[in-house]
Amino acid sequence: MKTWISYLAATALGLAATLLFGESGIFQQVMYTITALLVQLGGFVLIPLVFFGFSSGIASLRKDRKGGVFARTTILWSIGSTLLLVMGCAIVFRFFPSNFPASTSAGSDASSLSIIAPQSISTLFESMLPINPFYTLANAESFLLPVLVIALVFGYFLKPNVEVIRPAYVTMNSLSETMFRLARAYSTTGHFFIFFASSYWFSHLQMEGTLFVAGRFLLMLIISTLSGILVVLPLLFGLVTRFRVNPYVVIYRMLAPAAAALFTGSIFFSSPMTISLSRHNLGCQKRVSATAVPLYTLIGRGGSAMIATLSILSLLYAATSSMPSDKVIIFVALSSALFAYASPLYLGYEVFFISIIALQFLKIDLYGAEMTLVALMPILNGLGILIDSFIAAFGSAYTCQRMGVLTESAYRDIL
């Protein structure tokens, strides 16, 4: 059974289980515990996959002198997708505004928010310059940047331009292929994981109940998310590829990692699936899948920025009882886009992080009203990571198309 079908079936089973047992506290606790363990499993697969795949991929790109094309396309897609998504959701809010609903976390103590920004900045610089690379690899369970830095250094000097380096290059490439086999197994069995993750997601949604009495806000989220996935990203992808690749084929063939991203809210959990399926389902080269997708976990966060923009504007609308000016809307959107590039510091809370830092940067004091975001994080962050997973998939296909190495995968051959 194809992954896009099996993952949707697992989602339906998770919804059915929630409707039957969702009010049970034991059911919710079990689903939460298993989901938390599965997210950790995603990191266990992702870290060695990125290290070996990124190193060999960079070496291969240098060998064939494709590094320039790779760098240009990933940067262009990252910036273009982020700006279009945040400005698109700003337009949606401008014509379809909604108050942010009062969740169960409203009124919580907000005294700890002031320390988020300085901690993030210090953590960022400490992580970019790991003192001991082997210790960093063993402890990079929550932030991928140190692994990418180390793998980049290894890959740069792994270029097989002399005979003595060639055996090391072949060995690293073989290890990369081994990790891709692991990622393939992880992807084809992931529907079992999605049952538990979707059950927890639906049970949390049922327990919170806030969105069920805030229909306008929920509708705004749905319209923005669907517009981003079905209109903005396909249109941008069509423009940069000159409409030579059908974007909607990309969407349905990458539904599996998208579902994993939505229900776990973890880019660590869904990225191994995105890396594997972009190769098998989209026809991307292994070296591009192994390099572009990990990069997009850091710089392809337009989806998280988009949901953060909607959250901030809805909070402002609720707090002031008036529509924010066009100038404020634009500044909120651009600030969210800017701070999305630092959001991987807080995996699982990217939307919350972007929202808080953007509010601090713009010197907007909501007197603790922003704490209402916390209870809705599984939904808000899940939607943001859902869009981020499609950004990574489209970006990989775009890079391969521009490099002239994108192949068409027949339906019978996809996972």
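Ala305, Ala308, Thr309, Ile312, Leu313 and Leu316 in helix H14 meet Val328, Ile329, Val332, Ala333, Ser336 and Ala337 in helix H15. Contact here means heavy atoms within 4.5 Å. By class, this contact of H14 with H15 has ten nonpolar, two polar and no charged residues. Nonpolar covers Ala, Val, Leu, Ile, Met, Phe, Trp, Tyr, Cys and Pro; charged covers Asp, Glu, Lys and Arg; the others, Gly among them, are polar.

This is a predicted model, in which local features need pLDDT of at least 70 and side-chain atom pairs count only at pLDDT 80 or more, while totals for chains, interfaces and linings use all residues. Residues are numbered from 1 along each chain as its sequence is written, and side-chain values use heavy atoms, with hydrogens and water left out.

**Helix packing**

H14 spans residues 302–320 and H15 spans residues 326–339. Helices (H or I, at least four residues) are DSSP runs, numbered from the N terminus. The two pack at an angle of about 145°, with their axes 9 Å apart. Axes are lines fitted to C-alpha atoms over the stretch in contact, and angles run from 0 to 180 degrees between N-to-C directions. The crossing of H14 past H15 is right-handed. That term applies if the near helix is turned clockwise from the far one by less than a right angle.

Serine 335 also lies in H15. Serine 335 is buried, with a relative accessible area of 4%. Buried means under 20% relative accessible area and exposed over 50%, with partly exposed in between (1.4 Å probe, protein chains only). Leaving aside neighbours within four places in sequence, serine 335 is in contact with Ala358, Phe361 and Leu362.

Threonine 225 sits in helix H9 (residues 215–240). At 5% relative accessibility, threonine 225 counts as buried. With neighbours within four places in sequence left aside, its contacts are Met306, Ile307, Leu383, Leu386 and Ile387.

**Aromatic rings**

The count comes to 20 aromatic pairs. Rings of Phe, Tyr and Trp (its six-membered ring) pair if their centres lie within 6.5 Å; planes under 30 degrees apart are stacked, over 60 edge-to-face, and the rest tilted. Two of the pairs are set out here.

| Pair | Centres apart | Planes | Class |
|---|---|---|---|
| Tryptophan 77 and tyrosine 398 | 6.1 Å | 45° | tilted |
| Phenylalanine 193 and phenylalanine 269 | 6.3 Å | 65° | edge-to-face |

Tryptophan 77 lies in helix H3 (residues 67–95) and tyrosine 398 in helix H17 (residues 377–403), so this pair ties together parts 321 residues apart in sequence. Tryptophan 77 is buried, at 1% relative accessible area. Tyrosine 398 is buried too, at 4%. Trp77, Phe237, Phe394 and Tyr398 form one aromatic cluster.

Phenylalanine 193 belongs to helix H8 (residues 190–208) and phenylalanine 269 to helix H12 (residues 267–280), so their pair ties together parts 76 residues apart in sequence. Both phenylalanine 193 and phenylalanine 269 are buried.

**Charges over rings**

Lysine 2 lies over the face of tyrosine 411, 5.4 Å from the ring centre. The charged end of arginine 62 sits over the ring of tyrosine 156, 3.9 Å from its centre. The rule asks for NZ of Lys or CZ of Arg within 6 Å of the ring centre and within 35 degrees of the ring normal.

**Loop arginines**

Arginine 65 has a positive phi of about 55° although it is not a glycine. It lies in the loop between helix H2 (25–63) and H3. Arginine 65 is exposed, with a relative accessible area of 77%. Arginine 242, also not a glycine, has a positive phi of about 60°. Arginine 242 is in the loop between H9 and helix H10 (247–253).
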